[in-house]
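Good morning, colleagues. Please look at the model on the screen while I go through its fold, its core and one part of its surface.

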Amino acid sequence: MDFKRAASVTAWLLLGLIAYSTLSPLAMRPHMGSWVQVERFGAFGLLGLMFAIAHPRHVLSVLSIVLAAAVGLELTQMLSADRHARLIDLAVKMAGAGGGVGAGWLLTRHWQRFRVGGARVNENANYRGENIGASRPGTSA
């Protein structure tokens, strides 16, 4: 399984977990800490990051879908008697989604720089196979 497919599977599973957490009764909602706004931001940030990594050529579509999911889940809370939709919650979710998609876009755009263990190529060298830090014949390093 390649990295993009793993990110896609993770993103869809995360969306399911977020939907469950958002729409389940308050007593059944999983809690990770005492400040729920950080949880909301982090959950939608991670969701946006995973979808952006899974679909790097469709960043605007990914952003639209993740923002629509935030709006849809927040509005769906109005159907439940013990849950409520608030504008501040939606703003935090949308900020997290935007930040996550932006981070995923940057990560996929500059993927070669973040690779661990890969040989970096000197972009300014005439010969593309020359590694950074390697000296040319006849020069001192």
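Read from the N terminus, the elements of the chain follow the order α-α-α-α-α. In total there are five helices and zero strands, where helices (H or I, at least four residues) and strands (E, at least two) are DSSP runs numbered from the N terminus.

Two remarks on the basis of these values. This is a predicted model, in which local features need pLDDT of at least 70 and side-chain atom pairs count only at pLDDT 80 or more, while totals for chains, interfaces and linings use all residues. Residues are numbered from 1 along each chain as its sequence is written, and side-chain values use heavy atoms, with hydrogens and water left out.

I turn to the chain as a whole. Of its 141 residues, 30% count as buried; buried means under 20% relative accessible area, exposed over 50%, and partly exposed in between (1.4 Å probe, protein chains only). The chain exposes about 9500 Å², of which carbon and sulfur atoms supply 64%; these areas come from the Shrake-Rupley method with a 1.4 Å probe, and for residues only the protein chains shown count as cover.

Next, the interior. A nonpolar core is a set of buried Ala, Val, Leu, Ile, Met, Phe, Trp, Tyr and Cys residues joined through side-chain atoms within 4.5 Å. The largest one has 21 residues, and I18, F44, L47, F51 and V66 touch the most other members. Helices α1, α2, α3 (59–76) and α4 (87–109) each supply at least two residues of this core. The most comes from α2, which gives seven residues.

Is F51 buried or exposed? F51 counts as buried, because its relative accessibility is 6%. Leaving aside residues up to four places away in sequence, F51 touches A11, W12, V62 and V66, a contact being heavy atoms within 4.5 Å.

The structure also holds one aromatic pair; rings of Phe, Tyr and Trp (its six-membered ring) pair if their centres lie within 6.5 Å, with planes under 30 degrees apart counted as stacked, over 60 as edge-to-face and the rest as tilted. The ring centres of W12 and F51 are 5.1 Å apart and the planes stand at 90 degrees, so this pair is edge-to-face. Since W12 belongs to helix α1 and F51 to helix α2 (residues 36–54), the pair ties together parts 39 residues apart in sequence. W12 itself counts as exposed, because its relative accessibility is 52%.

Finally, L17 is found in helix α1 (residues 3–23). L17 counts as partly exposed, given a relative accessibility of 47%.
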